Amino acid sequence: MTIRAWMRQLMTKRLAAKLIAVNVLLITLALTITSIMGYKDFSQSMQRNVGKYQADVVRGLTANIDVYMNELNLLSATPYQSPEIMAYLEQRREGGQVLSYEEKQRVSGFMRKTMANGRVDVAGITLYNYRGPSYREMEDSPGRFITDVDDKDMLLHAAQSGKAFFRGPHTLHSYSGATYEVFSVVRRISSLETGEILGYFVIDVPLASLTQRIASLSQQGSNLLWIVDQTGQDVYYSGSSASARNEREASSYRGEGTVTIGKGADADLLTYYTSPVTDWTVIQAVPLSVLLKDTIVMKNKTIGLGLFCLMLGAVVSVWISLRITRPLRLLSSSMKKVERGEFDAAIPVVSWDEVGHLSRTFNVMVSRLETLTYRLYETEIREKNAEIAALQSQINPHFLYNTLGSISLYAELQHNREVVQMTNHLSALLRYSMNGGNSEVLLRQELEHIQGYLEIQQIRFEDRLTYQLNVEPELLDARIVRLTLQPIVENSIIHGLEKGRGDVHIEVNGRKLGIGICIEITDNGPGIAGEQLEQQMSNMEEGIIPGSPGGHGLVNVHRRLVLRYGAGYGLQLESSLGEGMVVKVNLPSGATENKLPRGE
């Protein structure tokens, strides 16, 4: 909403509301500007200091983890400390050459000794030999010599440098059929003389030992602690926030840095640091709301003080405004009573200023208004009755009863039953239409009338016209304006048979709908397009008789019902081109004549 629109809306409010709004706005504006500027400066300063502290915490956590990883790093270098193992790896063997008993004992003894190192828990170790059989020792099963390499990709990563390669979590399958979640340290073993690759030494460590150590080192209150390996695979993940995962890929957190992720109350301060030992990245995210507690305390105090000042100013503004506008509110209340038709409202004159003079003038005006209102009411009733009579006269047919009687007698003598039926039905229709004694009839009588009308049209159009009447029996004694349904049925026949092609089927269905009655006249005629339908409904609402042929009967019927029962009743049209038409006649259940309240 623009300022101009807000000002226009404010001008429509009461005088007291205007005074209160302006005073509160000025107080709020001053307090808001002062509070925002102070809080913003303090928050930015605190966030810079907290970012530096968080980076130190992450580096410290990484260093503690690296202490443990260095133990594994040193353990992976033990083959270089054993001349027997180096000699075993350097010895070239021809195909099918069997290891001696002493060689097997040296290799298995070295592997068991490494398993029982006493410094770290080991789930399994493997010595891959490029020039002979390899050997694997498992925690829960005896060691054995092997010939196949399980994971060549892991060895290719380790072959890129002479340093230990730390592989992320994976599943280790034991000879006994058990599986373990482990991470591995892989070191390339090269000849000390020629530098040629002799094999690899792999240490598989239970992942649980690492996660327990990390959990004991991590700070309490951290929203997220996340460790990923070189490929972005999770090594450790703890926390309830997924902001870091949603922000970008894990592999993009490389090196060292601090970023803010999320917005508003969900914002986190994320710090990451890549270990020089494992090449794994440690990521820690802490909610800014936790880190900036002092800032939040200051913000809350500022908001509390501002709200107190605002409430105090609002109370004083309301008291002053109500005292000033009290006489005007009394005058406005009296005017609303008169608007509702309560002409006994009188304002006590308590002052001699402009408001007092206006009150005295108002009392004189109210004393004369009641007489004028009743005169206007009587005039409107007379005009409505005249309009109803004029509308009814447009649809009352005028024929001669004697002529119809003669025609019927002559047809009877000629044994022409069709002509007799047609003249008898037509005579009944004319009597029903020209009997103006009662403007309302029973729904039963109206249905009998349109049934006679449809019988005449069936004789005329033979098998091209069919109809069906389905009205709930309890509705037959309801009241309805005379000649309501016949113009609608006639409209369906004119547009479906006289102007259309093919056969027409007309259904008249009546049911109780809420507190009213709904009668639906449905035909399968050509229907009308959406634009024509909107124009017809507009003519019905405004009482406009179309200049072109068609639609007159619907307009007349709708206007009669609206004048009789009031707005909300009358006709509703539903149609589309080629799909027929549905005309809904909405009536009140009591179907009594619309009464205007006194004073309107």
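These legends go with several close-up views of a predicted model. Local features need pLDDT of at least 70 and side-chain atom pairs count only at pLDDT 80 or more, while totals for chains, interfaces and linings use all residues. Residues are numbered from 1 along each chain as its sequence is written, and side-chain values use heavy atoms, with hydrogens and water left out.

**View A. Helix 2 against helix 9.** Helix 2 (residues 15–76) packs with helix 9 (residues 293–339) at about 170°, the axes being 8 Å apart. Helices here are DSSP runs of H or I with at least four residues, strands are E runs of at least two, and both are numbered from the N terminus. Axes are lines fitted to C-alpha atoms, for helices over the stretch in contact, with angles running from 0 to 180 degrees between N-to-C directions. The two helices are therefore roughly antiparallel (an angle over 145 degrees). Sorted by type, the contact residues of helix 2 with helix 9 are 17 nonpolar, 12 polar and two charged. Nonpolar covers Ala, Val, Leu, Ile, Met, Phe, Trp, Tyr, Cys and Pro; charged covers Asp, Glu, Lys and Arg; the others, Gly among them, are polar.

**View B. The annotated stretch 303–322.** UniProt, in an unreviewed entry, puts a "transmembrane region" at residues 303–322; such annotations may be inferred rather than shown by experiment. In the model, residues 303–322 are 100% helix and 0% strand, with 28 Å between the end C-alpha atoms.

**View C. Tyrosine pairs.** There are seven aromatic pairs in the structure (Phe, Tyr or six-membered Trp ring centres within 6.5 Å; planes under 30 degrees apart are stacked, over 60 edge-to-face, the rest tilted). Tyr130 and Tyr200 make an edge-to-face one, at 5.6 Å centre to centre and 65° between planes. Tyr130 sits in the loop between strand 1 (124–129) and strand 2 (134–138) and Tyr200 in strand 6 (residues 197–206), so the pair ties together parts 70 residues apart in sequence. Tyr200 is buried, at 2% relative accessibility (buried is under 20%, exposed over 50%, partly exposed in between, using a 1.4 Å probe and protein chains only).

**View D. Helix 13 and its end.** Helix 13 (residues 443–461) has 19 residues and spans 26 Å from first C-alpha to last, close to the expected 27 Å (1.5 Å times one less than the number of residues). Its buried residues include Leu443, His449, Tyr453 and Phe461. Just past helix 13, Glu462 has a positive phi of about 55°.

Technical notes
Angles under 35 degrees count as roughly parallel, over 145 as roughly antiparallel, 65 to 115 as roughly perpendicular and the rest as oblique.
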